[in-house]
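Dear colleague,

Please find below the structure I wished to hand over to you. My notes on it follow.

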Amino acid sequence: MELFLQQLINGIALGSVYSLAALGLTLVFGVLRIPNLAHGALYMIGAYVTYFALTSYGIPYIVAIGISAAVLALIGVIVERLVFHPLRNAPHTHHLIAAVGVLFFLQSGAQVLWGSEFREMPSPFTGVINIFGLNIGQQRLVVIFASILVMAALYWFLKKTVPGQTIEAIEQDRTGASLVGIDANRVSMMTFAISAALAAVAASLVAPINLVFPTMGEALNLKVFAIIILGGLGSIPGAIVGGFALALAEVFSSTYVSNAFSEAIGFLFLLVVLAVRPTGLFSKGA
Amino acid sequence: MDALGRHWKKIALAVIFVISLFVPFFVQNNYFLGVIILGYIWAIATYGLNILLGYTGQLSLGHAGFFGIGAYTVGVLTVGYEFPFWPSLLIAVIASSVLGFLIGIFALRTRNEYFAIFTLGVGFVIYLVIERWEGLTGGALGLIGVPYPEGIGPIQFDGPGSLYYLILGFLILTIYIAWSIANSLVGRSFMAIRNSEELAAATGINVGRAKQLAFAISTGVAGLAGGLYATYIGFLGPAIVNVPTTFEILLYLLVGGMGSLSGPLVGAFLVTTLFQFLQQFEAYRLVILGPLVVIIIIFFPKGLAGLWHAAETRIRKRMNKNPAPDESSESAKEEAR
């Protein structure tokens with residue numbers, strides 16, 4: 001029972017990271033119909049920015065995460081302008097291929113600039129808290145609370161502010177939104193900025209538990225795609241539910257079955273779901 | 001002039017064929033010969049992807065997985081079970097194409113992005129299985145000592161020179177298959193699906209079955225390339241099956257030109273040889289390649305074949321104000337995208 005609860009908390013912490021990363025991906029897909037295969041690479045760059053802000057400039061952890069989010073938002077806008085904007089009328093395969101190009105560039109760029117060694121990110125939250133006989137790392141609690149906070153902020157932004165509502169409007173009906181004077185270009189840039197910033201926050205939160213290295217986004221990339229397909233491409237609640245579901249499935253199968261199986265479970269689940277429902281579990285229909 | 005103009009393609013092909021026959025005589029350096037052989041093997045794999053992506057318009061991101069199934073079938077059968085090479089290669093092609101067909105039943109229920117991501121998942125699961133099934137595949141250590149093919153009659157395959165001809169033969173066979181498909185009713189139905197699935201269905205094409213066929217052919221060709229890779233390299237590691245290999249094959253196709261007959265050969269050959277000469281910049285390889293992919297897909301989505309075709313049309317227009325009748329139908333075919 002103790003092991004179960006311990007792993008439950010680990011699963012929730014991992015799930016909040018997955019959900020944050022998946023939210024960014026699903027937002028870009030919902031608004032722009034772009035399956036951004038470079039999302040994992042943006043996630044990785046986000047971890048590096050936080051790492052260097054912490055170690056080279058001695059900026060406090062929470063502020064460093066904020067800086068990383070801002071830098072990645074800028075990179076997101078640049079990627080949107082240079083790569084995806086010119087392709088907005090191209091067939092969907094071209095988006096995927098261009099995203100692969102961005103992925104190559106960012107991942108190998110990180111390797112050239114910063115080397116391929118694994119780096120440990122120092123976090124001020126190193127203690128362990130004892131609750132009801134369970135030992136919980138402070139960092140895991142920080143991950144959970146920060147993620148909930150960011151998700152709440154995102155929800156508030158999308159539902160209660162005008163710029164956020166323009167994103168939702170474009171997502172629901174592109175033509176209708178343009179008719180009432182919403183600038184699709186601005187919304188595209190904003191969506192990419194938010195998406196990359198969410199990836200940066202997710203990576204910076206989990207990096208002290210895992211490690212920072214150039215290919216850290218590779219496995220996550222596939223996982224977030226599995227998540228948003230399970231949740232229905234473009235669905236925000238789907239991304240959150242999918243993120244937690246995958247993380248819990250992974251954590252418990254690695255505890256009770258085997259490590260190798262836990263790595264594959266997400267994809268097996270994904271393949272089964274797609275085989276049964278080709279447009280995802282919660283999709284609203286194409 | 002007109003006769004030369006009309007036949008120059010055949011003449012050029014004949015010249016290239018003769019040159020390719022004599023390559024081992026003037027490339028005495030085994031290293032360079034090896035580079036060329038690998039270029040041919042990747043070209044075969046790229047032809048496989050072209051049938052699915054170029055002709056049928058379906059992006060599979062699991063291509064390396066099927067390449068790996070071909071390679072590991074040959075590897076496991078020859079090393080683990082001491083099977084002869086030739087039946088192993090046959091089994092490899094059949095296995096990868098049957099598996100492709102079966103996976104296609106489910107994969108092709110999905111469309112567009114879903115299909116790409118589904119196949120990405122398939123490719124990754126194949127990679128995981130190969131990496132983790134240590135008893136069969138040697139796991140992360142891989143398989144060592146995949147033998148060269150047994151001789152056929154008086155021909156012995158005992159070194160790069162003879163293997164060169166073997167793989168050249170398979171390359172020509174692959175190109176011939178791709179050419180026959182492109183010019184057959186089946187190939188036309190693939191292209192109709194690429195241009196518009198709804199329209200294709202409306203003209204009476206069984207879209208599901210055609211896509212499934214394209215997928216099975218594509219994975220079978222990938223398996224053939226994998227089997228040849230196994231015997232030529234002699235060593236197999238799981239890395240070759242992983243997703244980046246798919247991306248590299250995609251790059252070859254992109255550079256050469258999706259949907260063209262010469263594209264896979266030109267792209268695979270050019271990019272792999274270029275990589276070899278850029279080896280001292282190994283670390284920067286993908287830093288340059290990434291933006292290159294983006295530039296190609298934005299500005300030259302038809303690759304080198306597209307550029308060549310555009311240049312050719314321009315020259316012809318200048319030379320001859322009234323293009324020959326077969327020319328117009330040919331360009332219409334290629335413009336169909």
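**Helix packing in chain A**

The crossing of H1(A) and H10(A) is right-handed, meaning that the near helix is turned clockwise from the far one by less than a right angle. This is a predicted model, in which local features need pLDDT of at least 70 and side-chain atom pairs count only at pLDDT 80 or more, while totals for chains, interfaces and linings use all residues. Residues are numbered from 1 along each chain as its sequence is written, with chains lettered from A and ligands numbered from 1 in the order in which they are written.

H1(A) covers residues 2-32 and H10(A) residues 236-256; they pack at an angle of about 145°, with axes 7 Å apart. Helices are DSSP runs (H or I, at least four residues), numbered from the N terminus. Axes are lines fitted to C-alpha atoms over the stretch in contact, and angles run from 0 to 180 degrees between N-to-C directions. The contact of H1(A) with H10(A) has 15 nonpolar, nine polar and no charged residues. Nonpolar here covers Ala, Val, Leu, Ile, Met, Phe, Trp, Tyr, Cys and Pro; Asp, Glu, Lys and Arg are charged, and the others, Gly among them, polar.

Between the chains, 35 residues of chain A are in contact with 33 of chain B (C-beta atoms, placed from the backbone, within 7 Å). On the chain A side, H4(A) gives the most, with 15 residues. That side divides into 26 nonpolar, eight polar and one charged.

In chain B, Gly234(B), with a positive phi near 80°, follows H10(B).

Definitions and conventions: Helix = DSSP H or I, 4+ residues; strand = E, 2+ residues; numbered from the N terminus. Contact = placed C-beta atoms within 7 Å.
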